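Please read the points below with the structure open beside them.

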Amino acid sequence: MQSVPDLQKSMYTVIDGYPCVRLLNLSGEIGCANPGRDKVVTPIIRFRNANQLARSSAVFVSLDEIQELFDRISDDSSFAKNVGGVLVESRTNMQNNITEFSPAQKFPEVEFAPYKSVSYEWNPIGSGIMWKAYNFPIFLLSEASSQIMQEIATKNERQKNAYTADVAEFDLVMQTTKSGTRDSESCLREQTCLPLGGYSVWSSLPPINITSSNQSKPIILIVASMDSASFFRDKSLGAESPISGLISLLAAVDSLSSMDGLGDLSKQLVFSVFTGEAWGYLGSRRFLLELDLQSDSVNGLNDTLIEMVIELGSVGKGFSGGNKTFFAHTAGVSSATNEILNAFKHAQDSLESKNVMIATASTTNPGVPPSSLMAFLRKNSSTSGIVLEDFDTAFANKFYHSHLDDMSNINSSAIVAAASLIARTLYILASGSKNLSSSALSAINVNASLVEEMMGCLLNCDPGLTCELVKDYISPTASCPSHYVGVVIGEPSSTPYLGYVSDVSRFIWNFLADRTSIPTENTSNDCSKGCSNKDEVCIRAETNGKGVCVFSTTRYVPAYSTRLKFESGSWNVLPSNSSDPLGMVDPVWTESNWDAIGLRVYTVQDATFDRFVLFGGIAITILAYLAIAITRAFITKALKRD
């Protein structure tokens with residue numbers, strides 16, 4: 001060893017993992033944090049060997065035991081008070097061993113339901129454990145770190161009565177804990193947290209001429225979500241819910257963009273991808289407010305022209321008996337919803353050779369499932385809309401809002417089928433013709449290779465966001481994707497500083513701006529100095545520093561709570577308003593700040609042994625002193641005698 005870092009490396013093993021962090025709302029806290037201002041240091045013990053915890057311990061638990069652990073914590077206070085931290089094991093092909101795991105609620109975001117049957121269980125297996133507060137740190141370990149922890153736990157078991165033990169050191173100290181700010185209003189006031197949120201994206205096909213006052217085409221609004229949630233902040237892939245729907249939407253846009261005569265369609269197609277939907281429908285509710293305010297972020301969009309809303313939900317598991325089956329969940333009965341259903345049937349018939357099936361969801365359902373459409377319906381109950389899902393009465397996704405909802409939980413051919421169905425349905429609706437020829441519809445084909453490529457980009461670390469498709473548009477800041485919404489940094493804007501916009505939002509903006517654009521003779525090949533036409537936007541600016549100006553109506557829309565206002569450099573919570581029923585139930589989610597998050601393990605001596613060494617040392621010192629004193633006295637006496 002030649003330096004202090006070498007010594008530290010030999011003493012401490014840094015553990016890779018994904019933390020559960022502290023989130024707050026107006027009524028309190030959820031999530032995880034160290035109980036105080038200091039790091040937690042505690043010995044590691046397997047849960048299956050922890051019948052009783054005599055002292056504070058880091059409980060090492062496999063995922064198939066995690067529900068049992070949290071039930072024990074909830075029911076046994078003497079056990080719970082000695083839980084110093086929790087380490088959750090990862091294993092390869094975890095889903096092969098676990099058939100279901102959802103830490104979400106049985107009716108996610110029930111407070112926004114546009115109907116009274118709030119006891120309905122859309123997610124029957126939901127345990128709700130991610131919606132509780134824990135005053136101890138919890139980490140999901142990486143597969144490599146799980147193996148290290150297995151060895152350490154085994155070593156501790158073998159050396160149960162030894163004078164040394166391996167301990168975990170948790171550094172998960174939250175600023176809200178240190179300052180005592182235990183809800184969103186107080187932590188925003190003390191600036192120990194930031195609001196959850198980000199940037200949604202919308203784009204029209206074909207582009208809208210915003211300089212023209214003649215915008216009278218009815219609008220078909222097609223929506224999907226880009227964010228998910230999980231117990232562990234940075235392990236929120238959401239492959240089935242909602243990314244399968246997002247990929248279907250992007251693939252449908254790609255297939256429609258190659259059609260001729262889009263400008264002659266009788267209705268305007270507008271695609272919107274919201275973020276923050278897993279946390280109180282932040283994106284869709286803010287989008288609706290911006291429409292009311294007619295802000296710059298929705299410039300060119302007239303909400304009075306929105307005729308119908310079609311949402312792409314979870315579509316990655318749409319298989320049943322060899323057919324690719326999807327369910328249309330309708331918001332009431334109206335001529336517009338009937339028109340959508342008829343268009344779906346027409347599109348299904350055109351895809352007969354591909355065994356794509358569409359069915360109307362059961363009439364016993366209380367209404368639409370948890371979806372962005374709920375926000376539209378709560379604002380205007382007469383909204384005509386449909387949510388396309390791969391389930392009828394309950395989620396088909398057995399890993400809803402779990403880190404296990406990854407690429408192995410979905411099927412690319414189901415996403416291709418959903419994209420094909422929605423693309424042809426939209427063309428039928430937008431054309432306004434009930435007698436479109438089969439040849440016209442057969443020209444709309446979804447690129448299956450593009451779907452598989454997007455799955456690899458958005459749902460895997462290899463290649464992840466460094467895939468060629470993403471790198472063609474942006475310079476990603478990370479390789480491994482995570483679809484956690486994140487926090488809003490700085491003042492929200494319709495033209496945000498791109499460093500404050502997530503990789504996924506920037507990719508979606510560039511992809512939609514590119515695919516929905518139309519070529520113009522005056523388009524510049526370089527937009528480093530901006531685009532000359534108000535109807536143009538600059539795409540691919542990150543990849544070469546120059547970018548290209550294209551004629552496209554694509555916008556960023558800030559996504560954050562409608563109860564929040566940014567002024568004078570800080571966030572303020574607005575008082576509730578009875579005229580805004582959605583604002584009345586808005587939790588106003590925030591995330592605590594922190595200085596650092598870390599986890600490491602090392603070996604320590606037992607305190608009893610330390611005391612034994614201390615007292616032994618003191619005894620030896622005293623005996624040595626006495627021996628020296630006696631010896632000196634004896635020698636002195638002997639010398640005097642001589």
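1. In which sense do strand β16 and β17 pair, and over how many bridges? Strand β16 (residues 324-330) pairs with β17 in the parallel sense, over five bridges. Strands here are DSSP runs of E with at least two residues, helices are runs of H or I with at least four residues, and both are numbered from the N terminus. Two strands count as paired if DSSP finds at least two bridges between them. In β17, T360 is the residue opposite A328.

2. The model is predicted: local features need pLDDT of at least 70 and side-chain atom pairs pLDDT 80 or more, while totals for chains, interfaces and linings use all residues. Residues are numbered from 1 along each chain as its sequence is written, and side-chain values use heavy atoms, with hydrogens and water left out.

3. The order β17-β16-β18-β15-β13-β14-β12-β21 describes an open sheet of eight strands with mixed pairing. Its edge strands, β17 (356-360) and β21 (554-559), each pair on one side only. On average, neighbouring strands of this sheet are turned by 25° against each other, direction ignored. Helix α9 packs on the sheet and touches β12 (198-205), β13 (219-225), β14 (268-274), β15 (306-312) and β21. The direction of α9 makes about 110° with that of β21; axes are lines fitted to C-alpha atoms, for helices over the stretch in contact, and angles run from 0 to 180 degrees between N-to-C directions.

4. L291 is part of helix α9 (residues 282-293). L291 counts as buried because its relative accessibility is 2%; buried means under 20% relative accessible area, exposed over 50%, and partly exposed in between (1.4 Å probe, protein chains only). Apart from neighbours within four places in sequence, L291 is in contact (heavy atoms within 4.5 Å) with V298, L301, D303 and I306.

5. A nonpolar core is a set of buried Ala, Val, Leu, Ile, Met, Phe, Trp, Tyr and Cys residues joined through side-chain atoms within 4.5 Å. The largest has 91 residues, and among those touching the most other members are W279 and F287. Helix α11 (residues 373-379) gives the largest share of this core, five residues. A second, separate core has 84 residues, including I310 and L312.

6. Is helix α12 (residues 412-431) largely enclosed or open? Of its 20 residues, 18 are buried, so α12 is largely enclosed by the rest of the structure. Just after α12, G432 has a positive phi of about 75°.
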